[in-house]
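Here is a short report on a two-chain model. Please look at the sequence and the fold before reading on.

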Amino acid sequence: MSARGDDKRLLLRATEISGLPVVSIADGEAVADVKDVVYDPERGGLVGFTMNKRGFLKGPMKAVLPISSVVAIGRDAVMVADTDACEEKGSGPAAEVSAGGVGNVVGNEVLTDAGRRLGKVTDVVVAADSGAVLGYELEGDEDLQGHAGQRLFLPIPDTLAVSGQALMVPATAEPFIRDDLSGFGAAVDEFRAELARGRSNRR
Amino acid sequence: MDVVTVLLLVLGLLVVTLAAFVAVQRRRRAGGVIAAKPRRLRRGG
């Protein structure tokens with residue numbers, strides 16, 4: 001399920017992008033299917049995609065799709081300019097996508113910097129227009145806002161350290177948790193604005 | 001063993017092989033959400 005918030009941004013879950021066809025605008029041909037969605041928590045945005053060949057009997061492709069080659073991410077397809085958009089691993093921006101990562105973040109625990117466990121990541125929320133990573137979808141922890149086991153949306157800062165099995169977020173994010181994707185974009189903006197105000201006040 | 005038993009055995013084996021293939025293929029094609037390595041670990045990491 002995707003949603004448009006009040007600010008008209010199309011927000012997608014990363015797992016919704018996984019499996020979408022990669023379509024060339026030049027000839028309308030589907031060149032591959034998205035396999036993994038790779039994002040950079042330090043930069044707060046998507047890095048690119050790994051891909052599967054089209055057809056159930058076929059396996060993963062060697063080439064990857066860097067975000068710089070993506071023209072648009074839509075509800076039903078990832079659009080590229082032409083069939084040459086996919087790059088071999090190890091070349092240019094593709095190296096960043098194919099370098100691997102700290103692993104699949106789905107299932108990882110989320111902890112605040114105050115030491116409170118918020119829940120387990122079930123998805124990552126992405127702004128389709130910019131490729132910015134806005135937050136995590138969580139399965140809420142037992143005593144979190146009385147939403148035990150419910151799906152919650154947690155905004156994250158635009159830069160974030162991720163390593164190992166736990167994802168760290170500021171404790172100030174907790175009041176901005178939403179239980180619906182509509183309006184989540186606005187909550188992320190408010191949270192980031194408050195973070196920026198906090199930073200400027202400390203200076 | 002009569003012919004019917006042999007045929008049933010072969011058919012059963014085919015079904016099991018097909019199910020195993022589909023399971024492996026699903027796993028191969030399954031996607032995830034990957035956090036890229038921190039920059040300090042990317043070189044020589």
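Start at the contact between the chains. In β1(B), Ala35(B) is the bridge partner of Tyr39(A). The strands involved are β4 of chain A (residues 30-40) and β1(B), which pair in the parallel sense over three bridges. Two strands pair if DSSP finds at least two bridges between them.

This is a predicted model, in which local features need pLDDT of at least 70, side-chain atom pairs count only at pLDDT 80 or more, and totals for chains, interfaces and linings use all residues. Residues are numbered from 1 along each chain as its sequence is written, while chains are lettered from A and ligands numbered from 1 in the order in which they are written.

The two chains are set out below. Helices (H or I, at least four residues) and strands (E, at least two) are DSSP runs, numbered from the N terminus. A residue is buried if 20 or more other C-beta atoms, placed from the backbone, lie within 10 Å of its own.

| Chain | Elements | Buried share |
|---|---|---|
| Chain A | three helices, 15 strands | 40% of 203 residues |
| Chain B | two helices, one strand | 13% of 45 residues |

Chain B runs α-β-α from its N terminus. Helix α1(B) covers residues 3-29 and reaches 39 Å from first C-alpha to last. That is close to the 39 Å expected at 1.5 Å a residue, where the expected span is 1.5 Å times one less than the number of residues.

Strand β1(B), residues 33-36, is buried on both sides. Val33(B) and Ala35(B) point one way, Ile34(B) and Ala36(B) the other, and all are buried. In a regular strand the side chains alternate between the two faces of the sheet.

Technical notes. A residue is buried if 20 or more other C-beta atoms lie within 10 Å of its own, exposed if 12 or fewer, and partly exposed in between; C-beta atoms are placed from the backbone.
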